[in-house]
Amino acid sequence: MALPNSLNTDVLVIGGGMAGAWAALGAVRAGARVTLVDKGYCGTSGVTATAGPGHWWVPPAEREQAVRQRATNSGGLAEAPWMRRIIETTWEHLPTLARHYRFPVDANGRTIFRALRGPEYMKALRAMLNEAGVTVLDHHPALELLRDDQGRVAGAAGLRRVDQQPWRIGAGAVVLASGGCAFLSKLLGADNNTGDGLLMAAELGAELSGMEFSNFYTVAPACSSMTRAMSYVFARYFDAQGRELDIPAGPGTMPALALALERGPVSCSLDRMPQDLREALPTISPNVMLPFTRHGIDPFRDRFEIVLRGEGTVRGIGGLRVADEACQTTVPGLFVAGDAASRERVAGAVSGGGSINSAWALSSGLWAGAGAARHAKDHGAPRGPLEAAGELTLRSGRATRAAPDDATLTRIVRELQTPMLHPMQILFRHQQALTQASELLEGHWQELQQRAPAEGALRLKARQTAAMVASARWITLAAQTRRESRGMHLRSDLPHTDPAQTHRLSVGGLHKLWIRPHAVVQPVRAAA
């Protein structure tokens, strides 16, 4: 906090989760001076720090089979070269954590790299950042990007949470690793994931892709936000009368649970979990048992009520469109990593889950960081005075109403959560509901446009609200436009897959939205 309010760096990384940390390491290893800003504390904020993240860890002899298997569920939207790239990059770089992370070994003494404990993982990455000389600014949320007098990306501006004072950082390139958008669904570790980076990038004209594939749900105890899905592979579910429901584990679990919950409360038992896994669970995911213990529940004997927590784009697919192998967006000098990026190239139309998403966060982080370092070196420092690119809730020439107060912002978020998080609306999309959602969201966007800039401590909340509204509008437009069911995207009024729509949908715009098909390069087919 003793640093001045204005700094300059070669590469600015926005976001301090897994992808942001790897991006900073990728940039500094490429010779750049790197500054990382995080909305929370780099090492504890974000979804990785609360999880037990697995990685797509595949030995060389098994990789082609893994790619073919993944292609079966990709909906024709994944690309084999990108799958191979993240497998290879993960295989090469994940073991470099060993100086700061104690990997377990199996009964034969072989190191287990596939699964990690989130708290120790992020602690190790923080130690590696400090060792590499990265300047880390915690509790420094970014509010908007900057551009120079040639219109190039030139850094970012935000505020320090400790005293609400502004900061500005000029940079030769920027990596957005700000996470996805979970719409404050109480997804564990995702309160920081409000789509901020998506809005900032769109203000510079960046495109998004895959936003219709943003409807992943996780089971959680009703008494908790503990959204760790692995245990529920062994779950049995019961209705309010105690009758067991026919809901097997697999792709149809969430729609079946949503229908059951629509009829009434649903309870769960984990009594089918094998004893050896029960004993290992506190080691694999140390926080999973805590809410049960606090509420006096034995999940292996007792039944407990459950809910579904929406994950939006966090474990969905959508995000900023990746335009090249360095994970540059469609805006030169602006790079993207992790959940802020579209993962269609590696996951297609179905969520990669923790395994592929974690490997993507690591790999895209390293690629984006190195790409940003090269861009900064090739193009030099920003030129001329830096202009702030943000508008909504920060500055507006259309203001006709007072600045939003806390109650107004809370109301807008609460109202947009229904079309964005209610399982019956998201898992069973149809045109009438999508049209109603679009009209609601457009009203919220217009209201925020009419409001004067937010002031004081409300600047961050207002900006987060604007980002959630923007993300919801892009998701809804993409869901309306994809008039078929493909992968995660299910239309109850259009249940079949249309081969003619084997393309991606690029979406963008702020006050006037646009959408167009985007061809898939080298699509992977199940028979490949």
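**Close-up 1. Asp-493 and its salt-bridge partner Arg-491 in the predicted model.** Asp-493 has a relative accessibility of 34% and therefore counts as partly exposed, since the partly exposed class lies between the limits of under 20% for buried and over 50% for exposed. Its partner in a salt bridge is Arg-491, and the closest N and O atoms of the two are 2.9 Å apart.

**Close-up 2. The salt bridge between Glu-484 and Arg-486, and the network to which both residues belong.** The side chains of Glu-484 and Arg-486 meet with an N to O distance of 2.6 Å. Glu-484 has a relative accessible area of 0% and is therefore buried, and Arg-486, at 4% relative accessibility, also counts as buried. Through salt bridges that share partners, Glu-484 and Arg-486 are joined with Glu-212 and Arg-482 into one network.

**Close-up 3. The salt bridge between Arg-63 and Glu-88.** In this view the side chains of Arg-63 and Glu-88 meet in a salt bridge, with 2.6 Å from N to O. The pair links distant parts of the chain, given that Arg-63 lies in helix H2 (residues 63-72) and Glu-88 in helix H3 (residues 80-93), 25 residues apart. Arg-63 has a relative accessible area of 12% and is therefore buried, whereas Glu-88, at 37% relative accessibility, counts as partly exposed. The count of salt bridges in the model comes to 32, among them the Arg-63 and Glu-88 pair shown here.

**Close-up 4. The second largest pocket and the residues that line it.** This pocket holds about 250 Å³ of space, and its lining consists of 13 residues, of which Val-307, Leu-308, Arg-309, Leu-421 and Pro-423 lie nearest the centre. Three elements, namely helix H6 (253-263), strand S11 (304-310) and helix H12 (423-426), each supply at least two residues of the lining, and the largest share, four residues, comes from S11. Sorted by class, the lining has seven nonpolar, three polar and three charged residues.

Definitions and conventions
Residues are numbered from 1 along each chain as its sequence is written. This is a predicted model: local features need pLDDT of at least 70, side-chain atom pairs count only at pLDDT 80 or more; totals for chains, interfaces and linings use all residues. Side-chain values use heavy atoms; hydrogens and water are left out. On a 1 Å grid over the protein atoms alone, a cavity is a set of points where a 1.4 Å probe fits but cannot get out, and a pocket is an open set with protein on both sides within 12 Å along at least five of seven lines; lining residues have an atom within 4 Å of a point. Grid points are joined across faces, edges and corners, and a volume is the space filled by probe spheres set on the points. Ala, Val, Leu, Ile, Met, Phe, Trp, Tyr, Cys and Pro count as nonpolar, Asp, Glu, Lys and Arg as charged, and the others, Gly among them, as polar. A salt bridge is a side-chain nitrogen of Lys or Arg within 4 Å of a carboxyl oxygen of Asp or Glu. Buried means under 20% relative accessible area, exposed over 50%, partly exposed in between (1.4 Å probe, protein chains only).
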